[in-house]
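Walk through this model with the viewer open.

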Amino acid sequence: MKCLFVSCRSASVLLREDGDYLMPQAVRLTLNGADLGEESRSVRSLYGLQPDTEYSLSDGEETLVFRTEKESFSLDVRRFGARGDGNADDTAALQAAILCCPRDGRVVVPAGVYRTGPLFLKSHMTLELKEGAELALLTDRDRFPVLPGAILKDGAEYLLGTWEGNPLDCFAAALTGIGVEDVRIIGQGTVDGHAGEGDWWINPKIRRGAWRGRLLYLRDCRDIAVQGITFRNSPAWNLHPCFSERLLFCDIAVEAPPDSPNTDGFDPESCRDVRVYGARFSVGDDCIAIKSGKIYMGRTYRTPCERIEIAWSAMLDGHGGVTVGSEMAGGVREVRVHHCLMRGNDRGLRIKTRRGRGKDAVVDGITFSDVRMDGVKMPLVINCMYFCDPDGHSAWVQSREAQPVDDGTPTVGTIRFERIRAEGCQACVGYILGLPERPVSRVILRDSRFSFAEDAKALVPAMAENVPACRKRGVIAQFADEVTMEGITLEGVEGEALEMIH
Amino acid sequence: MGEIKAAWREWTEAAEAAAVTAAELLRPDVKSLGDGGCCFLNGCAEMYRVTGDALYRDTVLRMLDLAAGADGFLPEHAAGLGRALFFALDETGEERRRKAIAPPAGPEGRTTGALLYRTEPFRVLYDMRFGGKQQAGAAAERFRGAGGCPRDPDGAGWYLAALIDCTDLTDEQLYEHRRALAELFRAAAKQVKQPDGTEDAGNGELLALYAALKGIRLYLLDGERLEGPVKRAAGLQAERWLKDPEAIRRRPGAAGPVLLILSELLRS
């Protein structure tokens with residue numbers, strides 16, 4: 001067992017590291033001798049702990065001893081006037097409690113439904129949503145403050161709001177952190193955007209007042225931990241940290257209806273040192289999408305998203321299990337996805353880029369290992385001709401003829417797929433579409449097993465022009481320098497294991 | 001700026017009267033696609049968007065019909081009326097209005113501020129609406145290629161108005177292109193001395209005031225520093241033209257810039 005996170009009132013523990021979201025078999029746990037019952041998930045969180053106290057967690061074979069952190073003071077939001085009755089607007093009371101929280105203190109939200117507008121976080125504090133507590137976001141967009149995209153002054157700019165990789169005005173998130181550090185958001189409570197009850201999902205690509213907000217938005221933050229919280233029904237992306245570092249998301253759940261627009265689960269953008277452990281996603285778009293901005297942000301700030309670890313998590317439904325791009329102009333590198341479960345996704349790993357993203361748009365060092373895929377239609381898709389943006393369908397973006405390598409040419413380096421077990425695939429195991437002028441450098445598939453669904457459908461594997469639908473195919477690669485397949489078992493494949501298109 | 005709103009109650013009839021007068025006097029100018037006529041139609045369109053006063057909409061539609069030939073089409077070089085044509089299409093939904101919108105063409109290289117005003121915003125609008133947004137980067141290049149902001153105050157005003165309108169018309173999700181235009185505008189605006197409102201301003205100078213008001217509204221200029229003086233100057237200029245019933249008759253070409261200024265004052 002291994003301690004993943006400890007706060008003043010909670011902890012998260014990795015029980016076994018050889019499973020995925022679930023362990024091979026459940027274990028019975030005791031905490032300081034008290035029975036906690038059986039646990040089947042790899043990551044288990046503990047709540048209701050006392051600060052600065054030693055605990056002993058045992059699974060019968062192994063014992064883990066840890067100590068909770070100290071806490072200065074604890075502030076109950078009800079003492080600040082919050083009602084939690086599902087009717088009153090508790091925004092002011094909740095915000096007051098946060099602003100009044102002393103250093104290393106904790107704001108406690110007891111069980112109840114707290115209707116609230118966006119709340120702004122403060123450094124050096126813990127926000128705890130107790131079991132049964134719900135921050136129920138108001139649905140009237142007039143109640144939401146706007147975060148300006150860019151504030152300009154004498155050649156300098158201060159960025160706040162963002163939308164799909166550009167510095168644009170957006171509504172504040174349910175929980176917004178701007179330049180804060182050392183914040184913990186913990187507990188078994190829920191942050192619910194209730195987006196379906198407002199107009200957020202109606203004509204979602206039309207800006208009305210500002211672009212849609214998120215449930216958690218962090219900009220220029222560091223040392224942030226989110227544990228246990230369930231996020232659901234976001235107006236747009238659920239969790240969106242950008243230009244932030246040392247972030248931990250542990251044992252969280254992110255939920256949105258399958259037809260909800262752009263409700264990505266977790267989208268770190270130009271962040272570094274991000275860890276996601278024991279998380280569960282079931283959303284309307286990509287479960288996790290790793291980004292680094294569109295052209296302006298990529299060229300101006302050149303800040304990649306890097307050192308990302310995603311483990312013991314479940315991506316259940318959603319378009320992509322883990323996606324890189326398409327806003328990746330600052331580059332994405334050193335991403336490790338391991339010991340995860342993906343179920344029912346369109347694609348397992350999906351890399352999306354296109355001509356014009358820029359010379360800093362380098363995707364490199366992406367590793368999938370020990371991932372179980374169940375009903376994932378296409379486990380691996382790399383698409384360097386993704387038809388996004390207004391000119392995405394243009395001849396220049398879609399040309400299979402080599403174009404001059406210039407400042408707009410993106411790069412895909414080394415991608416590894418190791419010890420993958422995928423059942424119920426449909427279209428193909430992998431589809432790789434590089435650029436003729438800059439092929440995908442290296443794709444390595446090793447020690448993995450793939451099988452197809454009996455009733456597999458023919459599907460178009462990549463969103464690019466002139467990509468035909470396919471069914472039960474192996475790895476199809478065009479414009480790739482090296483594709484290595486070692487120790488690969490393909491069951492039910494129709495055609496060659498590897499088809500290199502020249 | 002409550003005083004602007006209060007003044008507007010007095011100015012409403014005067015502005016309508018000025019529009020009626022200008023419409024009559026600018027008929028030949030619209031027909032010959034002159035700067036004053038083109039700008040006037042843009043001013044009317046903006047005033048309609050802000051006030052909902054049908055007089056402005058009907059003026060645009062009527063004058064476009066006047067400018068069209070017997071076949072209903074405008075001359076190929078009618079880029080100056082292009083934005084008004086889109087306005088007419090949006091307002092009427094008529095197929096003949098859509099057909100009247102021909103792909104824009106305009107000068108490349110060094111040119112005048114007034115010519116940029118006539119051609120560039122229409123080019124951008126056409127690309128955004130009908131062109132698949134694939135030429136979004138070209139506008140900034142053409143402004144750069146035009147030789148920068150003219151030194152004469154009149155030309156500079158047309159140039160600034162063209163730039164701010166192009167910026168505003170560019171889809172904000174094409175951020176790098178919109179930002180490039182915005183930076184050109186910010187740099188040019190620094191070089192231009194705004195009229196202070198105490199003297200009669202030329203048409204281009206009036207447009208410089210319009211551009212400054214719009215730049216402040218779009219947060220491209222320092223509103224904290226500029227909003228007060230620019231609005232005061234703009235208000236004085238608007239008042240000067242609207243209080244004197246003969247002013248527009250003497251210089252009908254000022255109607256467009258004045259209406260554009262008014263539309264921005266009313267938006268603030």
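Does R144(B) count as buried, exposed or partly exposed? R144(B) counts as partly exposed, because its relative accessibility is 44%. The classes are set with a 1.4 Å probe on protein chains only: buried is under 20% relative accessible area, exposed is over 50%, and partly exposed lies in between.

Some ground rules come next. This is a predicted model, in which local features need pLDDT of at least 70 and side-chain atom pairs count only at pLDDT 80 or more, while totals for chains, interfaces and linings use all residues. Residues are numbered from 1 along each chain as its sequence is written, chains are lettered from A and ligands numbered from 1 in the order in which they are written, and side-chain values use heavy atoms, with hydrogens and water left out.

Stay with R144(B). Its side chain forms a salt bridge with E141(B), with 2.8 Å between the closest N and O atoms. A salt bridge here is a side-chain nitrogen of Lys or Arg within 4 Å of a carboxyl oxygen of Asp or Glu. Both residues lie in helix 8 of chain B (residues 138-145). They are 3 residues apart, about one turn of the helix. Helices (H or I, at least four residues) and strands (E, at least two) are DSSP runs, numbered from the N terminus.

R225(B) and D222(B) meet in a salt bridge at 3.8 Å, N to O. R225(B) is exposed, because its relative accessible area is 57%. D222(B) counts as partly exposed, at 39% relative accessibility.

Now turn to chain A. Salt bridges that share partners join R9(A), E71(A), R106(A), E128(A) and K130(A) into one network. Over all chains, the count comes to 78 salt bridges. In one of them, the side chains of R106(A) and E71(A) meet at 3.0 Å, N to O. R106(A) lies in strand 10 of chain A (residues 105-109), and E71(A) lies in the loop between strand 7 (63-67) and strand 8 (74-76), so the pair ties together parts that are 35 residues apart in sequence. Both R106(A) and E71(A) are buried.

H124(A) is another stop in chain A. This residue sits in the loop between strand 12 (119-120) and strand 13 (125-129). H124(A) counts as buried, because its relative accessibility is 15%. Contact means heavy atoms within 4.5 Å. Leaving aside neighbours within four places in sequence, H124(A) is in contact with P102(A), R103(A), D104(A), G105(A), E181(A), D182(A) and V183(A).

Compare a leucine in chain B. L85(B) is found in helix 5 (residues 82-92). At 5% relative accessibility, L85(B) counts as buried. Not counting residues up to four places away in sequence, L85(B) touches L64(B), L74(B), A100(B) and I101(B). The C-alpha atoms of L85(B) and R97(B) are separated by 6.6 Å, although the two are 12 residues apart along the chain.

What of the cysteines? A search of the whole structure finds 0 disulfides over all chains. C340(A) is in no disulfide, and the nearest cysteine sulfur, that of C287(A), is 10 Å away. A disulfide is a pair of cysteine sulfur atoms within 2.5 Å. C340(A) counts as buried, at 0% relative accessibility. In chain B, the sulfur of C39(B) is 8.5 Å from the closest cysteine sulfur, in C38(B), which is too far for a bond. C39(B) also counts as buried, at 0% relative accessibility.

Finish where the chains meet. Chain A and chain B bury about 1,300 Å² between them, 54% of it on carbon and sulfur atoms. Buried area is the accessible area (1.4 Å probe) that two parts lose on being put together, summed over both. L152(A), Y296(A) and P390(A) supply 40% of the area that chain A buries against chain B, more than any other three residues. The contact takes 18 residues from chain A and 12 residues from chain B. Between these chains the count is 2 salt bridges. In one of them R207(A) pairs with E172(B), the closest N and O atoms being 2.8 Å apart. Strand 16 (150-153) and helix 2 (295-301) of chain A are the elements that give two or more residues to the side of chain A that touches chain B. Strand 16 gives the most, with 3 residues.
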